Amino acid sequence: PGIQPGSLCRTPVAGYDFLPTFHDLANGQPGQLTEEVDGVSIVPLLRSETTAKFSRPQKALFFHRPRRNYSAIRQDDYKLMLYWKKGGGIQRLDLFKVDPMPTEEGNNLAPTHPEIAETLRDRLLDHLDLVGASQK
């Protein structure tokens, strides 16, 4: 079993999924990883079809890079990039539909889909507040 050569997997994952995945592969016991650990085990993707499903509690991927002045959220087919001003505050938002067109250059949908951009912005800001992330 496993993903066949030449098959394409479109399930988004992040580097912070590695620890729960390695824990799962090592037959770690449930509850050994605390709730502070971000990510989920992606073992179903490694052992199954490219359409394997797994539960991500937040139903989204979050990224925060304060030294690079941006944060991002990937939810469903959309990715929102939030760029910070030096010293805090939002400089701009870029919204992209990553499926089926993953190329971002020149495809900012924020001006034409402000409701999606605002919803994702609020979700991202709520998450950053929840985890105590700094914008500096």
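Reader: Against which strands do the buried residues of α3 pack?

Author: The buried residues of α3 pack against β1, β2, β3 and β4 (90–97). Contact means heavy atoms within 4.5 Å, and buried means under 20% relative accessible area, exposed over 50%, partly exposed in between, with a 1.4 Å probe and protein chains only. Helices (H or I, at least four residues) and strands (E, at least two) are DSSP runs, numbered from the N terminus. Please note that this is a predicted model, in which local features need pLDDT of at least 70 and side-chain atom pairs count only at pLDDT 80 or more, while totals for chains, interfaces and linings use all residues. Residues are numbered from 1 along each chain as its sequence is written, and side-chain values use heavy atoms, with hydrogens and water left out.

Reader: In what pattern do the helices and strands follow one another along the sequence?

Author: The protein has three helices and four strands, and the pattern along the sequence is α-α-β-β-β-β-α.

Reader: Which residues of α3 are buried, and which are exposed?

Author: The general idea comes first. An α-helix has 3.6 residues a turn, so residues three or four places apart point the same way. In α3, the buried residues are Ala117, Leu120, Leu124, His127 and Leu128. They lie on the same side of α3 because they cover an arc of only 100° around the axis, the arc being that of the directions from the helix axis to the C-beta atoms. Thr119, Asp126, Asp129 and Leu130, on the other side of α3, are exposed.

Reader: How many bridges join β1 to β2?

Author: Two strands pair if DSSP finds at least two bridges between them. Here β1 (residues 61–65) and β2 (residues 70–75) run antiparallel and are joined by five bridges. Arg65 has Tyr70 in β2 as its bridge partner, and His64 stands opposite Ser71 in β2. Four residues lie between the strands of this hairpin, where Asn69 takes a positive phi near 65°.

Reader: What joins β2 to β3?

Author: Six bridges join β2 to β3 (residues 78–84), and these strands run antiparallel. The bridge partner of Arg74 is Lys79 in β3. Two residues separate the strands of this hairpin, and Asp76 takes a positive phi near 55°.

Reader: What share of the residues of the protein counts as buried?

Author: Of the 136 residues, 28% count as buried.
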